[in-house]
Amino acid sequence: MITYLGRRASHSILSVIGLLTLVFFLTRLTGDPSALYLPLDSTAEARAAFARLNGLDQPIHWQFLEYLRNLLHLDFGESLRQNRSAMQVALEAFPETLKLAAVAITLSTALAILVGSLAAARPGSMFDRVASLISLAGASAPDFWVAIVGILVFAVGLGLLPTSGTGSWAHWIMPSFVLMLRPFGLLVQVVRGTMLSALASPYIKTARAKGLPRHKIIFGHALRNSLLPVVTVAGDLATSLVNGAVVVESIFGWPGIGKLMIDSIIQRDFAVVQSTILVTATAIFILNIAIDLLYAVLDPRIRY
Amino acid sequence: MSNATNPILKVEGLTVDFLSDDEPVRAVDDVSFHVGHGETLVILGESGSGKSVSTSTVMDLIDCPPGDIVAGSCLFDGVELSDLSAQARRSINGRRIAMIFQDPLAYLNPVYTVGRQIKEVYESHGAGSGKDARAKTIELLRRVGIPEPENRVDFYPHQFSGGQRQRVMVAMAIALKPDILIADEPTTALDVSVQAQILDLLRDLQRETGMALIMITHDLEVASSMADRIIVMNGGKVVETGIAKEVFSNPQHAYTRRLISALPPGNAAEAPNKRSTAIASETLLKVEHLTKHYVLASGAFSGKRTFKAVDDISFEVRRGETLGIVGESGSGKSSVARMLLGLNAPSSGKAVFAGENIFEMNEKRLMAFRRKVQMVFQDPYGSMNPRMRVYSIISEPWAIHRDILSKNRWKARVAELLELVGLLPEHADRYPHQFSGGQRQRIAIARALASEPELIVCDEAVSALDVSIQAQVIDLLADLRTRLSLSYIFITHDLPIVRHFADRIMVMKDGRIVEEGQTSALFGAPRHEYTQSLLQAVPKPKWLTHAQ
């Protein structure tokens with residue numbers, strides 16, 4: 001168990017270093033930040049001074065070594081845009097993303113388990129067919145389209161909900177609903193499929209022969225065995241949400257890490273881009289460990 | 001003992017259809033039976049005979065659709081079961097009628113401890129909960145012979161052996177002292193010695209509680225050792241019914257007679273001898289000090305351990321001879337087969353086939369060797385590509401070994417081989433799924449014969465087949481041996497099967513040979529304790545044991 005965690009951690013550190021290296025060089029391909037931060041008519045001297053101040057005058061491999069050395073001192077660089085620690089900027093935005101992701105994935109998983117189980121309990125019924133239709137629509141509707149239509153109808157048209165931003169509980173409704181759609185749609189399909197095969201398995205016959213009531217058979221015996229694939233897919237979806245829902249955060253002006261990332265890339269705020277990557281990569285690593293541990297909790301046959 | 005005047009369960013005229021795509025298939029047709037307190041009724045039948053469907057109907061385990069109970073009544077303790085509400089049926093299941101199944105690993109929920117699964121029986125019938133139910137569960141596990149029940153109650157199904165899992169199933173079933181226990185092939189997946197223990201347990205429990213036992217089986221020996229009365233089913237119909245002793249000693253229906261003739265009789269002299277008549281003195285295969293060790297992964301608290309799957313065994317097979325290797329699961333018998341075919345490398349030892357050590361052959365020699373030694377597996381369906389026609393399956397060896405046969409003669413030879421194994425030439429155009437289990441095993445034998453082998457290794461080749469089919473396949477193998485002067489290594493867990501077929505028998509246990517000898521000598525006077533226990537574990541007819 002401990003050795004397993006240690007092995008996972010060391011593998012992850014290697015991949016994070018690889019990722020940071022890649023991001024470091026790729027972001028610098030987008031161009032020179034001084035072109036964005038200084039007035040169009042600024043002099044060559046002013047540009048050189050800006051570059052010197054931010055270490056951009058050094059050869060690129062030198063800049064990279066400098067970056068790595070600073071990382072060891074937990075110095076993640078300064079944001080060009082905000083003139084403060086890039087890591088601080090990333091860490092301020094991250095909880096906003098995390099909250100939204102947690103709400104979306106928890107609600108969609110819970111709802112999908114309920115709907116999928118009930119659909120599998122009576123395959124071919126009206127409920128099953130309606131659930132399949134809705135989940136299919138949810139899984140395939142493009143989120144930017146749903147988001148924009150939502151704003152048009154509920155914010156602009158009916159004036160019931162705010163168009164964007166944060167503050168009240170009403171601000172949560174549209175972003176979390178849009179983020180829930182795809183996970184909900186996919187998970188209903190997964191739950192329904194695994195529940196169908198679980199309900200056909202021999203131990204369900206045993207449960208029926210024992211005289212267990214129907215709800216205990218469905219939710220006690222079948223569902224418990226169906227959770228493993230559900231956790232796999234839900235974990236995967238959670239990972240993509242933690243990574244920052246770039247489109248949804250941008251449309252609803254949600255101050256999360258996805259929006260920060262895309263803004264920083266456009267603004268060539270390199271230190272912030274690198275910090276956001278580091279934060280999300282760490283979060284995804286922790287999430288994956290948690291999913292693996294959850295497997296072992298759910299299935300006693302799995303041991304690390 | 002029999003309580004025919006006042007049976008606890010009386011099934012009459014039961015007819016069940018299963019709805020398939022085209023038209024309903026009649027699984028059970030006008031089946032009637034009854035069972036009284038303390039009585040054992042055996043429902044005997046081969047696969048597809050409808051024997052399980054009839055009892056599943058009693059337990060309300062048939063889903064409708066696809067099942068459809070067309071007619072019939074099930075009278076339990078004077079109450080018509082089909083008149084009851086779903087909830088009333090549920091309160092009977094597990095409390096008054098309980099059921100155990102064939103494969104306890106699949107029939108126990110893998111993610112819950114056995115304790116929890118047994119406790120559920122008490123809780124769902126309001127017969128105890130919490131600490132009280134746990135104490136009862138531990139007591140119950142002790143009763144069915146689980147060691148250290150205080151600890152094992154918190155174990156998961158995968159942490160038990162096959163026999164123990166079936167004991168757990170039995171515990172679950174008898175928790176509330178049901179009036180009827182239905183046992184659906186309860187020992188089919190188990191080794192003979194474990195089977196004997198489970199059957200003993202069932203008999204003891206029946207004596208203690210006076211419950212009625214309905215036992216479903218395809219195994220004639222198990223049937224004869226348990227039954228007071230017996231019903232024989234074939235094609236969904238009851239073909240014969242009566243007192244067990246009478247049915248076995250004087251079967252009326254042609255089907256029953258055929259079934260019972262397949263049973264190796266207790267007296268060896270009565271049996272038709274299928275042993276080889278022409279054993280050459282020439283040694284075909286000589287195995288010396290064959291050993292296979294596996295190094296097990298080290299756990300958190302234990303160092304590396306070595307598991308000896310095969311431990312220093314030596315034997316030889318002569319041309320035209322059949323060597324039976326008998327052992328229970330884990331005895332190493334299949335590991336021997338895999339090494340002889342070059343599928344697994346041995347840890348040490350050698351095997352000389354026609355003057356050459358198999359384990360030192362290079363790729364090219366190995367190819368030539370594999371032509372001469374073929375294998376027939378237990379599951380013919382699993383060992384055939386379902387998307388290949390029989391023609392391609394049988395002719396594939398010729399595509400690999402180009403020199404056997406020129407392509408223009410393939411078709412004629414496939415037809416010839418199919419006829420040799422008792423199939424028809426036109427079967428070449430069909431797919432494996434279009435055949436029955438016995439026919440598929442014949443195809444597997446035809447495929448083995450295609451490369452003109454000298455030695456065929458049969459690994460549990462008839463174990464998955466129904467009894468009457470088993471006998472047919474053994475007859476075929478014996479006939480082919482004579483006609484093609486083949487040698488066999490016949491690996492099985494079932495002693496009676498090899499009794500009249502093998503010339504010599506080698507008994508394996510824990511990777512070692514515990515006894516070896518001519519078949520008649522070994523059966524007549526087994527020297528080793530383990531062989532004796534194996535022979536004794538073969539179920540004896542109930543009426544004989546009662547007489548003693």
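Helices are taken here as DSSP runs of H or I that are at least four residues long, and strands as runs of E that are at least two residues long, both numbered from the N terminus. Counted in this way, chain A holds 13 helices and zero strands. The structure is a predicted model, and the values below are computed from it.

**Overall form of chain A**

The C-alpha trace of chain A spans about 85 × 55 × 30 Å along its principal axes. Of the 304 residues in chain A, 35% are buried. Among the contacts in chain A that link residues at least 6 apart in sequence, 72% join residues at least 24 apart.

The domain assignment divides chain A into domain 1 (2–72) and domain 2 (86–298), and the centres of these two domains, taken over C-alpha atoms, are separated by 33 Å. Their contact draws 14 residues from domain 1 of chain A and 11 residues from domain 2 of chain A. On the domain 1 side, helix α1 (residues 2–28) of chain A gives the most, with 10 residues, and that side as a whole comprises eight nonpolar, four polar and two charged residues. For chain B, the assignment gives domain 1 (1–96 + 180–187 + 213–261) and domain 2 (286–316 + 335–493), with 38 Å between their centres over C-alpha atoms.

**Annotated spans**

An unreviewed UniProt entry carries the annotation "transmembrane region" for residues 12–31, 100–121, 133–161, 225–252 and 272–298 of chain A. Two of these spans are described in the table.

| Span of chain A | Helix content | Strand content | Distance between end C-alpha atoms |
|---|---|---|---|
| Residues 12–31 | 85% helix | 0% strand | 30 Å |
| Residues 100–121 | 100% helix | 0% strand | 31 Å |

**Packing of α10(A) against α13(A)**

The axes of α10(A) and helix α13 (residues 270–298) of chain A come within 10 Å and cross at roughly 170 degrees. Angles over 145 degrees count as roughly antiparallel, and α10(A) and α13(A) are therefore roughly antiparallel to each other. From α10(A), the residues in this contact are Leu227(A), Leu228(A), Val231(A), Gly235(A), Ala238(A), Thr239(A) and Val242(A), and they meet Thr280(A), Ala283(A), Ile284(A), Leu287(A), Ile291(A), Leu294(A), Tyr295(A) and Leu298(A) in α13(A). By class, the contact has 12 nonpolar, three polar and no charged residues.

Thr282(A) is also found in helix α13 of chain A. Is Thr282(A) buried, exposed or partly exposed? A residue is buried with 20 or more other C-beta atoms within 10 Å of its own, and exposed with 12 or fewer; Thr282(A) has 14 other C-beta atoms within 10 Å and is therefore partly exposed. The C-alpha atoms of Thr282(A) and Met126(A), which are 156 residues apart along the chain, lie 44 Å from each other.

**Contact between chains A and B**

The contact between the chains takes 17 residues from chain A and 24 residues from chain B. On the chain A side, α9 (202–210) and α10 (214–242) each supply at least two residues, and α9(A) gives the most, with seven residues. By class, the residues of chain A that touch chain B divide into seven nonpolar, four polar and six charged.

Technical notes
Residues numbered from 1 in each chain as written. Chains lettered and ligands numbered in written order. Predicted model: local features only at pLDDT ≥ 70, side-chain atom pairs only at ≥ 80, totals over all residues. Contact = placed C-beta atoms within 7 Å. Nonpolar A, V, L, I, M, F, W, Y, C, P; charged D, E, K, R; others polar. Domains from an automatic or database assignment. UniProt positions renumbered as here; feature names shortened; annotations may be inferred. Axes fitted to C-alpha atoms, helices over the stretch in contact; angles between N-to-C directions. Parallel < 35°, antiparallel > 145°, perpendicular 65-115°, else oblique.
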